[in-house]
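Here is a short report on one protein chain. Look at the model first, then read on.

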Amino acid sequence: MTVFNVFSLLGGLALFLFGMDIMGKALEKQAGGQLQKILSKLTDNPLKGFFLGLCVTAVIQSSSATTVMVVGFVNSGIMELHQAIGVIMGSNVGTTVTSWILSLSGLQGDSFLINMLKPTSFSPVLAFIGILLYMGKSEKRKGIGTILIGFAVLMTGMTTMSNAVLPLQNEAWFTSLFIRFSNPLLGVLVGAVVTGIIQSSSASVGILQALSATGVITYGSAIPIIMGQNIGTCVTALISSVGANKNARRAAMVHLYFNIIGVTLFLAVFYGANLLLDFAFVNETVTAWGIAVVHSIFNLTATAVLLPFANGLEKLAILTIPDDAEKESFALLDERLLNTPAVAVERARAATADMAELARVGVVQAMSLTHKWDDSLAQKVREEEEKVDKYEDALGTYLVKLSSREMSHADSQSVNTLLHTISDFERISDHSVNILSSAEEIHAKSIEFSKDAQEELQVLEGAVQDVLSRTTDAFRKGDLHMAGKVEPLETVVDELVRAIKARHVARLQTGSCSIEYGFVLEDLLTNYERVCDHCSNVAVAQIEVAQDSFDTHAYLNDLRYGNETKESEQFQRRLDRYRERYLFPDSDTAPAAAKEEPNK
């Protein structure tokens, strides 16, 4: 073997690892937020978790990425430890898909179909199709093109490595080296160390498959190395669990225990049976296809044996990392998920939806306190506002970090929407405390509004709660149709506020209401109106970002004063409908609307 063969080997290895990396990232990007939705819909059934883990890993071609996601989910409280176990086992089986694809390089035959299945035949075709798609304007096509190019680069690297190591079959030192690896302990150690260094069992199995082209490696040498590769892949999850909560660290330990116990049982049974039966194939030369078979048999067997004992693995992890007397809190947003931007976006969206619901509930609870004071509920409103502040701080930092990652256009839009809306939800929560202050003043001074004022406020509060509910629902569901209903409702709230103010002035003139009561009423009306203004901002951000625009002034101007556009006509119809819905008890018509400024 010459120095040029070494250069070719290193170049082939570089192409192989690079192709695997860009293909995996492109697959994750195309899968988008569906990854979290799939992995989050788990039940207590480990078998379902196993199939989900298998499918996700088969799609993104990386058990390490799946396991790191699982650690992040457990650390964030999205997933329970017992749910994670099935997914981890499934990811080990899912990663075998890569070895089967790579085994195509060992196909033999003269037929056209067999030749087309060889990487040397179809890789150039995939690369050509991939570059054509990549050069297009469609982001989806670019993504598919990247996957095809990555796969072609990967297979080209595999072929280059295989060709580069062929001269090793005549090297005595290389043959003796792999004879030593037939020692189970040494083979397992080498497989674990190599895989731990490159942090990918798929890549290390691929390297072994490339080396099998020399015809020197036997099943006796390959089996322990493959076992070690399965242990080595746990390194990534163990590293990612550093600094996480106990359950997340336990999830990483479950991954390690599964593979250590599985390898120990498999090797004990295999070598025990070999002593009795003397398997002939042990000394036969292993092929790329044979490596894929061994890899699959081990993971399927280990899963079949250990899946029924999932609870035992959980207990073993808890014994290793015992609970403290003080209960741990979950991470609001786990930075491990930033490595999979599509999943991180969905997690940030879910956290923002939780924040929005806290803000909505806080306002509704504060409203109720204006009618009946309750010290414990008042304290709860204050605590919820503090939680919302923490959400805003955490989300702001997380989204800034996330925005620097490479994302699909849809995910980038989502991040822009979130960046525009978290401050509005935080301000809504601030207004809940302002409303609480007014409620506290009403209670302390025993203020009682007139019957007419109470009825008018009841109508207004119903409209404000309607705006809040529609805004949070539209945001949580990503429903642009529902978001479009917020602005006409917000306009009705503005009209109701102006009408209540005008009626209050009239009552002052007749002496049926005092100025002191008017100060509290003014504060309540201002806060109700501001809450709805922020709801409008959230809804408009959803709509505008979805249209790759963010000109709020122009959007609202066209909506309210557009010349018979479809959107302005729909806005007017909704406005009329909501005006009829929110009428004062003594009115047959909605409050007259004053001319609004276009930039409202």
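Leucine 208 lies in helix α12 (residues 201-211); helices (H or I, at least four residues) and strands (E, at least two) are DSSP runs, numbered from the N terminus. Leucine 208 is buried, at a relative accessible area of 4%. Buried means under 20% relative accessible area, exposed over 50%, partly exposed in between (1.4 Å probe, protein chains only). Serine 99 sits 109 residues from leucine 208 in sequence, yet their C-alpha atoms are 10.0 Å apart.

This is a predicted model: local features need pLDDT of at least 70, side-chain atom pairs count only at pLDDT 80 or more, and totals for chains, interfaces and linings use all residues. Residues are numbered from 1 along each chain as its sequence is written, and side-chain values use heavy atoms, without hydrogens and water.

The chain has 26 helices and 0 strands. Of its 600 residues, 51% count as buried.

Beyond four places in sequence, valine 464 is in contact (heavy atoms within 4.5 Å) with Met367, Val493, Tyr528, Val531 and Cys532.

Confidence is given as pLDDT, from 0 to 100 for each residue. The chain averages 82, and 86% of the residues score at least 70.

| Helix | Mean pLDDT |
|---|---|
| α2 (residues 34-40), lowest | 60 |
| α19 (residues 375-403), highest | 92 |

Over residues 592-600 the pLDDT is below 50. Where pLDDT is low, the predicted coordinates should not be read in detail.

Definitions and conventions: pLDDT = per-residue confidence, 0-100.
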